[in-house]
Amino acid sequence: MAHMHKQYPQLLLTASEMGMADKSAVVAGVPAMDLMAAAGKAVADAVLELWSTCSVLVLCGPGNNGGDGFVVAKLLQAAGWPVRLAFMGSVEKLSPEAAYFFHAWQGEVEEYSVDLLDQTDLVIDAMFGAGLTRSLEGKARDMVDAMIERDIPICAVDVPSGVDGTTGAALGKVAPAELTVTFFRKKPGHLLFPGRGLCGEVVVADIGIPVTVLDELNLQTWENSPELWCRDYPWPRLDGHKFHRGHAVVFGGESITGASRLTARGAMRIGAGLVTLAAPIKAWAVYATALTGVMVAKLEQSQEAEDFEELLLDPRHNAIAVGPGAGLAGFESIRTRKIVMAALFTGRATVLDADALSAFTNDPQTLFDAINGPCVMTPHEGEFARLFPKINKSPEINNSFADDKLTRARLAAKQSGAVVVLKGADTVIASPDGRAIINSNAPAYLATGGSGDVLAGFIAGLLAQGMSPFDAASAAVWLHGEVGNDVGIGLIAEDLPEHLPKVLSVFQKHYLGHFKNN
C-alpha cells in the first residue's frame, strides 16, 4: 500500500470531503457555475444513453442538488424530451449558480405533488444529495412514498434522496434508483448497504475538479481494487522455492474438522509454500486421511496448547490461523483461548476467525492486550457485536437511523490493534492507523457455510508470503469475491480454493501487464 497515490480513482470521499473538494476546485480557478453545468450535463448524457425519449419529471430540491436538476431539465428539453420540473424550496435561498440555472429554465416550475407522477415515465431525483443527515418530511416524503408505490424508473443525482452518502444509511424510506450519477469520486454510501442496494448502477462523472485537490485532503478510504495492492502481491519467482513462500500453521478443531481443512486448503491455493494443520490426537486420523498436500501435526490430549506452543518454536512457521472449527463447547473454549494466546505470543502474523473471536466474548480486552504483532481479525456482524459491545454505543457513531459500518470497523481496529475485516456483502477492511477499504465485488453466492473459513486461509497464505496485514486482507477479500463471481450460482465453499488458480491467472495477466505499461 506504500505505492498508493492520491490520484487513484478508488478513493472515496465523504459528503463533507466532497464539499471541500468542490470549494478547493473553485479556489483553484474552476468556476462553481462550470462545475454545476458539468454535473447536470453528465446526468443528462447518462439518461440519453440509457433511456429512449420519454416523459420526464425532474424533482429539484432546495440545494445544489436541485441546481444540477435545473441543468438536467434544460438539456433534456433541448434534446426534444417532454420535461416537467417541480421545485421545492426558495429561490432566494439558492446558491448563485443554482439560482442562475433556475432562471435559465424557460418552462413552468410546478409545486411538488404526487399527481405529477401520473404522466411520467422517468423521474430525475435531484431532491437531496449525499450530505443529507435527516429523514425526508412533508411533500418530499409523500413524493418518495408515491414513487416507491408506482415503481417508476428513477435516475438519482449523486445519491437517491434519503441515502446518507457517508454511511450508506437509509434515512427513512428511499425510492431505489436504476441509475445514480455521482461526481469526481464515489462516496462510501454508494458501496455500503443499504445505500448500495438503492443506487442501482453507479456512474462516476468527471466534472472538471482537478485531481490535485485530493492532495489537500487527508483521505483514507478506498474502494477495494487490485490497483491498491497488486504491486506488493507475492507472485512466484523462477528462482524461488517453497521455503521462500512461507509456512502457515492452521489449528484444527476436534469435532468440526471441515472448517480448518478449508482454511488450510485456502492457504495452500493462494501460494503458501507449506501448510501444517495442527490437530488434537482424537481427530488426527481424520485430518491425515483427508489432507494430502498439507502436513498434519499431532497435539497430544490434555496438552494441546503446550504442543502447539512447541510447534511454533520453529521460526519458519511465519503465519498462523486460529478459529475455524476450533470449538467453544466446555473445555474447548478454554483450549481455544490458550491456542490463540500461544499464537499471539509469538508476535508472528496471525489470523483470528470464528471461534478464536467468540472464545473471548466475556473478556475481549485480554485478547486485545495480547496482540503484539501483525494480526487480522475477521468477524461477521454477530461476532463483532460480541467482541466490541461498546462501539455501537460510541458517540462517534451516528446511529440516529442506522449504524456506520465504516466508523465501527475503524474504531474496532484502533481499539484492538488488529486489522479488522468486518464481513458482509459490503465487507470493510480497517487498519489501526485509520485506513479503510470497502469491498464491492462479492456476490450473494458467497453466503454459504465455510466461505469465511476459506477467506481466513487466503489471508493466512498471503501473510505467510510476506504481505502486510492490511494488504493481505484486502487482496484476499477481493480474490474471494472474484472467485465467487467466477463460480456463480450453486457455489459451495470447497469450490473457492479450487477455482482460485483460474482467477489468479486472469488477474496476473491483466494487472502485471497494466503496471509494466505504466
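In which sense do strand β9 and strand β12 pair, and over how many bridges? Strand β9 (residues 247–251) and strand β12 (residues 317–322) run parallel to one another, paired over 4 bridges; two strands are taken to pair if DSSP finds at least two bridges between them. Within this pairing, V250 stands opposite A321 in β12. Strands (E, at least two residues) and helices (H or I, at least four) are DSSP runs numbered from the N terminus.

The model is predicted: local features need pLDDT of at least 70, side-chain atom pairs count only at pLDDT 80 or more, and totals for chains, interfaces and linings use all residues. Residues are numbered from 1 along each chain as its sequence is written, and side-chain values use heavy atoms, with hydrogens and water left out.

Strands β9 and β12 belong to an open sheet of 10 strands with mixed pairing, in the order β8-β17-β16-β15-β14-β13-β12-β9-β10-β11. Its edge strands, β8 (221–223) and β11 (295–299), each pair on one side only. From one strand to the next, the twist averages 20 degrees.

Helix α9 (residues 281–290) lies across β10 (274–280) and β11, at about 140 degrees to β10. Angles run from 0 to 180 degrees between N-to-C directions, the axes being lines fitted to C-alpha atoms, for helices over the stretch in contact. Contact means heavy atoms within 4.5 Å. Helix α15 (residues 405–416) lies across several strands, including β8 and β15 (419–422), and runs at about 145 degrees to β15.

S95 is located in the loop between β2 (83–87) and α4 (96–104). Leaving aside residues up to four places away in sequence, S95 touches M36 and N64.
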